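Hello,

Here is the structure I promised to hand over. My notes on it follow below.

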Amino acid sequence: MSEALAATQLAGQGGDSPVRHALRRLSVYLRRNARFYLLWFFVVLLYVASFNLLPLAVGWAIDGLVEGVPRAEVFRRCWILFGIAVGGGLLRFFSRQLVFDAAREVEYEIRNDLFAHLQKLPQSFFFRWRTGDLMSRCVNDLNSVRMLLGPGLLSVAQSPILFVGAFLAMSTLSLKLAILMMLPYPAFILISRVLGSRLYSRSLAAQQSLSSMSNFVQENVAGIAVVKAYAMERDQADRFEEANEALRERSLELVRTSAAMPAVTGLLPAVGLALALWVGFGEIQAGRMGTGALFSFTIFARQLTFPTFIMGYAISLMQRGASAMQRIDEILSVMPSIRDEAGSVDLERIAGRIEFRGLTFRYDDASRAAALDGIDLVVPAGTTVGIVGPVGAGKSTLASVIPRLFEVEDGQLFIDGVDINRIRLASLRRAIAMVPQDSFLFSMPLRDNIAYGLPADVPFERIETAAQRAQLARDIEDLPHGYDTLVGERGIMLSGGQRQRTALARALALEPSILILDDTLSAVDADTEQRIQAELDRLFAGRTVVVVASRVNSVRKLDQIVVLDGGRIVERGRHAELIAKGGVYARLAAEQAAEETRAERERRLIGEGLGRAVGEGA
Amino acid sequence: MSSPASGRTSATKAQPNARPTDLHEEEELGRAYDGRLLLRLWPYVRPYRRQIWITLLLFLPIFLLELAPAWVVKVGMDLVLAGEPTAGGWANAALAGAQRWLATPPPGIPVAVWLACLYFSVSVSLGLLSWLHQVIMATTGQYAMFDLRRAVFAHIQLLPMSFFDTMPVGRLVTRSTNDVENLAEMFSQGLVALVTDVIKMLGFAVVLFLVSPKLTLYTFAIVPVMAFAAFVFRWKVREAYRAVRVKIARINTQIQETVTGMKVVQLFSREERNLADFDRMNADHRDAWHQSIRYDSLLFSTIEVATGVTMAVIIGVGTGIAEAGILYVFIDYMQRFFMPLRDLSAKYSVMQSAMASGERIFQLLDRTPSVRDRVAAIPATDPAVAGSVEFDHVWFRYGPPADGAGEAAGDAAGDASAGAGAAADDGDWILRDVSFRVAPGEKVAFVGATGAGKTTIIKLLTRLYDVDRGCVRVDGVDVRDFPQQALRKRVATVLQDVFLFSGTLARNIALGRHDLDELAIQRAARAVEAHDFIERLPAGYATEVRERGSNFSTGQRQILSFARALAHGAPVLVLDEATSAIDPTTEAAIQRGIRVLMEGKTAIAIAHRLSTIRDVDRIFVLVGGRIVESGSHDALLAADGVYARLYRLQAEREEEEGALAARPA
């Protein structure tokens, strides 16, 4: 089936074009559900038979009536007609259900595969692809593929058989009339195809207008404070008017086309019937055809209408489905560059020694300079390292390659002396916990967010301990449902500091050998941060800790500090050494100290101190 | 590790409305007909009543044209079989004249050709008229809905801020888009279609009966069964489909969330469990579809079976040769009778959701804007006090049934100014008897803990809310005596959370002021040091802002908001200083920007930076909604009050912590 499909779609296209590649992938899914499709094909054949027998049976029964055969015989013919009608209905039911269910099954499989595949792709992929784009492929394009497999396939596969069957059936009545009747169909398939694709593109345009108007309203409401503060109401109303008008016009265009559909559809049986009347009468009068046959022809003319028009629409569906599949295929064809290779080892217990050997890394865009350039660094197990440097120096990238969020070449990064590309991902990431900059939380209870990296049956104490260590326990008490409070997109909004501490608790709950803090505590207030630090000092014992910080203060006490600039290590040593050296680090420290007295500490003073002073004074 | 010194971000007031929460919002369905609602809809339809009359008038010829084609065929059959049009039933007698006309072609044209041409032209006219009917009906709906949508949007913009505090954004979007769309459906395939369909079916029933009472009685025995089945199946399809929609929404949310949080997913090796969860949702969705497919297919088959079975019955009870023509008419009408039946329940559902949507829309339109313009004209102001700001014994709280937290609690519709006097309980006032006066050109700062009422002062000043007692004056005029637009053009506000609109950077600075040319925009940007980073962007000022400014850093967004305020050149500046931590270089730029911004203006700042506080002429210390101290930095230190105490406290702490990062030798 897929071969035929590919052939219809790819007429005139040679080589392994993207569409062909996509359809080959689709055919894998079809083959997997081959039983369904074979059964369906069989049902279709039976259905076509009953579909074309019905008009004949009507004519036969009418003939009985007209020719005055015995009453019992007329009844018998009516019962047969009755049987054909019921049988045809049942067959149609099975046919639709089979092919639509199969389409849903394939949709289900593709969606699962897409999801699984996305989870395997490296971070660099998600830099390149915007979420909205990925979503539209997972939602809209998959929908189009399902339409291809459901109504598209149903009609495109069934209609030709239907027409051949109808022609054969009609020719038993009158070959001349049968040929005449079939003549207009090709033209109507063409008309319906034009109409169908116009219908599609107009409904798409209307939908787009609606969604761009939604976006506008959404933005207006989300930014209502600015709209009001800057007296933008009139300007916004004008813009809304434009969107509103566009939507009205697109909708009207759609209406004009969709209303034309039934009008044009009615034309086809009209042509058929006019022909039947014109030629049929003569045939009957000449005795070449019975009265019942005229009935049969009128029924044929009417019941072939729907398949004709749906066929034009179905061809559009097929084309759209094919290009949608191509877009899905684009994602599925991206090789997961970070995966377990044959022969990768499962490290039972990772001690936490990290070694960079001339590590160079660049993001996909080859034109850009290397994000990390010749990094040589050894972090012995159980020691701490601080990474500082200006914005864009590559600090976060350096931290992110340790849990293999980005692809690293062989021989450049070693954990416990083993090349990181040789370690099984699961065992590597089990041992490493990272608190990323943006502290993303999922829409689930707080408890599950903290236990995110843990097995489902983990004892609650472990979650509680992690929350306490991250100084989150007190905040949790204040939440409406404590640990069961729903957070994230669809839950309550935690403050920036609370989010960061939740992310910290999530990492601590893993009890990792290597802990990476990527500028983690920027939004935590000073007091809390101090408490966390006190706890961390204890937690750091026995772990390898990597601290990425934009502020010198966060790394002063660590065992070693590296200063990154433009992807290179420009300085390294302990705090005192680096200060004494009077280089980049010392300059950074001085700048920040000055800045801190002027801004940071004073800001803290106003906020924290005042609260406290008021608390004591009032 | 040492003292970390990353800034303190206040546990920012949670904005409960900042996310779309109705991803799973189930549409509640109720009545399919509500006279009160239709009455309220009437003003929007009224301008288009002529079109409605036209559609109603068109209905009659359409119905007649639908009756005609079968009759043409019948006459033909009669001619072939009996040599002349036969009469049976009452209708035939009445139509004898018409039949004779049909049977007599103009001279020179064979009767078969004549009938074929008649048949064809009737069909074409019918198609054209139906198309016209449908287009006029839908166009009317679209125009009426265009007006309604405009009314909804205009109304949303008039609503007070308190409304937006508790109303999820998504819901408002739904009101002005999907809900209106549902109502529009009512026009194209709901109410009118429903009524005309019912009339049409009745019409066919009557005609069928007139043609042949006997056949009609026989066939109508099965009609109720078929009608019932069709209705039930369509109903089931709809229910199954609603289940499907909820499930697909869940799936899409899951994909979106996983993609957004992919880093965490991978870091915590959650892939397999995620996939298992996803598989369950996905399978649920597929199974829900299975239901919907089953009923949909049943519906399709039922209609088909119905047609076949009626034919069998009609032929079975038919008698004799003369009836062939009548049988044809009968079969034709029977099919036309079934057609509307097929989607009667679909139309009923359209009505249901239209009514539900209408109800929600009118609920929204019934909310009165509590902040209203008392006057249309800009009041004359005394130039001597132009640029002055005064709070005169101001009391304020959010919404009538405010809870302890005080922030926008209770009903979103809460009219902030209602029941002020009745409020004897003391607990929930955000501002208590606040009085101060800022002279033209003076700069003041408000300091205080979170929840002390600092932000509220800004909101009252720009009249996002109205005071409960007392009075706020700008330029010596009660803010309630300004048209809101005029007031807000006098006061430029810089908010903590910088909101960027989609569109270009230039548009984000100009914010709807079309009189600001490129030069003015650039001048503003240059003054606050935004020009350099803007020029470095590939498209410069024409750079498109993506997803609410995600392509700009926090610091850049703040600086852009300064440019906005500066470009607007209002004499009064209100600044809610952001607390978020920013890298030192940007921080310095922000501070310089603030200084530029305040130059030559009356400035009121909610300050978090000491540099800002030092620059102002006077500091007000807010505690629990009252001003407890005011004066310059030095004066307040000398006064040895709250401000001084906190200053000393901080100094002690600094000593304890030891020196900051060592300075270079």
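Start with strand β11(B). Five of its six residues are buried, so β11(B) is largely enclosed by the rest of the structure. Buried means that 20 or more other C-beta atoms lie within 10 Å of the residue's own; exposed means 12 or fewer, and partly exposed is in between, with C-beta atoms placed from the backbone. Strands here are DSSP runs of E with at least two residues, helices are runs of H or I with at least four, and both are numbered from the N terminus.

Some ground rules. This is a predicted model, in which local features need pLDDT of at least 70 and side-chain atom pairs count only at pLDDT 80 or more, while totals for chains, interfaces and linings use all residues. Residues are numbered from 1 along each chain as its sequence is written, and chains are lettered from A and ligands numbered from 1 in the order in which they are written.

Now the neighbours of β11(B). Four bridges join β3(B) to β11(B), and these two run parallel. Ala445(B) has Ile619(B) of β11(B) as its bridge partner. The hairpin of β11(B) and β12(B) has two residues between the strands, and Gly624(B) takes a positive phi near 55° in it.

Which strands make up the whole sheet? It is an open sheet of six strands in chain B, ordered β6-β9-β10-β3-β11-β12, with mixed pairing. Two strands count as paired if DSSP finds at least two bridges between them. At the edges stand β6 (491-494) and β12 (626-631) of chain B, each with a single partner strand, so one side of each has no neighbour in the sheet. On average, neighbouring strands are turned by 15° against each other, direction ignored.

β3 (residues 443-447) of chain B also pairs with β10 (residues 602-606) of chain B, through four bridges and in parallel. Phe446(B) stands opposite Ile606(B) in β10(B).

Two helices of chain B pack on this sheet. Helix α15 (residues 454-461) touches β3, β6, β9, β10 and β11 of chain B, and its direction makes about 150° with that of β9(B). Helix α20 (residues 554-568) touches β6 and β9 of chain B, at about 175° to the direction of β6(B). Axes are lines fitted to C-alpha atoms, for helices over the stretch in contact, and angles run from 0 to 180 degrees between N-to-C directions.

Chain B as a whole has 24 helices and twelve strands. Of its 665 residues, 45% count as buried. Of its contacts with a separation of 6 or more, 81% are between residues 24 or more positions apart. A contact needs C-beta atoms, placed from the backbone, within 7 Å.

How confident is the predictor? Helix α3 (residues 89-94) of chain B is lowest, at a mean of 60, and strand β1 (residues 389-396) of chain B is highest, at 91. Residues 1-28 of chain B fall below 50, yet this stretch has 86 contacts in the model beyond near neighbours in sequence. The complex gets an ipTM of 0.82 and a pTM of 0.74.

Best wishes

How values were computed:
pLDDT is the predictor's confidence in each residue, from 0 to 100.
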